[in-house]
Amino acid sequence: MTGSACMGVRRELLEVQAASLGLPLEKVFISRQSSNEDYESGMRAVLERYKAEGVSSVAFGDIFLEELRTYREDNLAKIGMKGIFPLWKRRTADLARDFIHAGFRSVITCVDLEVLDKRFAGREFDETFLSELPSGIDPCGENGEFPFLCS
């Protein structure tokens, strides 16, 4: 198998998640056909508005992808902002278990079929899920093996 098995990320679920955490949600709509420049332009417009309101830093959940961190930092620097990476270089096995033990719930919405069987899609992110991951698969899906949603 190649490609991915995805269930998608429903906007309504994202909105409920943000509300349940008591956090504001800023949605930046970018079509699937958008270029990287379109993405950067949309993000820049939103971030510049926040900067004008006094926001100087943006937090990211990146753990170890150097290229992605550099990309984020470079784009933020262009508008005079900084990135904060509170999870940077933490052990992903520990992070995954901390997430579960803190009482968060998550559902795997998409898997990369190059590295995971489609049976992993739609499953709850729990100790059973972690125990069944093949060796070499990052417990937090940091290499794109699976994105997941918290609920």
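**Surface, helix and salt bridges**

Modeller: Leu21, Leu23 and Phe104 make a nonpolar surface patch of about 310 Å². Patch members have over 30% relative accessible area and no salt bridge, with nonpolar side chains (Val, Leu, Ile, Met, Phe, Trp, Tyr) joined within 5 Å. Areas come from the Shrake-Rupley method with a 1.4 Å probe. This is a predicted model: local features need pLDDT of at least 70, side-chain atom pairs count only at pLDDT 80 or more, and totals for chains, interfaces and linings use all residues. Residues are numbered from 1 along each chain as its sequence is written, and side-chain values use heavy atoms, leaving out hydrogens and water.

Colleague: Is phenylalanine 104 buried, partly exposed or exposed?

Modeller: Phenylalanine 104 sits in the loop between α4 (92–101) and β4 (106–108). Helices (H or I, at least four residues) and strands (E, at least two) are DSSP runs, numbered from the N terminus. Buried means under 20% relative accessible area, exposed over 50%, partly exposed in between. At 40% relative accessibility, phenylalanine 104 is partly exposed.

Colleague: Why do the buried residues of α3 lie on the same side?

Modeller: The buried residues in α3 are Arg69, Arg72 and Leu76. They lie on the same side of α3 because they cover an arc of only 65 degrees around the axis. The arc is that of the directions from the helix axis to the C-beta atoms. An α-helix has 3.6 residues a turn, so residues three or four places apart point the same way.

Colleague: What covers the buried residues of α3?

Modeller: The face turned away from the buried side of α3 carries the exposed residues Glu67 and Ala77. Contact here means heavy atoms within 4.5 Å. The cover of the buried residues includes α2 (36–52), β2 (57–59) and β3 (82–84).

Colleague: How far apart are the closest N and O atoms of glutamate 73 and arginine 69?

Modeller: Both residues lie in helix α3, four residues apart, about one turn of the helix. A salt bridge needs a side-chain nitrogen of Lys or Arg within 4 Å of a carboxyl oxygen of Asp or Glu. Glutamate 73 and arginine 69 form one, with their closest N and O atoms 3.0 Å apart.

Colleague: Which residues are linked with Arg119 in a network of salt bridges?

Modeller: Glutamate 132 pairs with arginine 119, the closest N and O atoms being 3.5 Å apart. That pair links distant parts of the chain: glutamate 132 in helix α5, arginine 119 in the loop between β5 and α5, 13 residues apart. The network links Arg119 with Arg123 and Glu132.

Note on methods:
Buried < 20%, exposed > 50% of the residue type's maximum accessible area, 1.4 Å probe, protein only. Patch = residues over 30% accessible without salt bridge, like charges linked within 9 Å, V, L, I, M, F, W, Y side chains within 5 Å.
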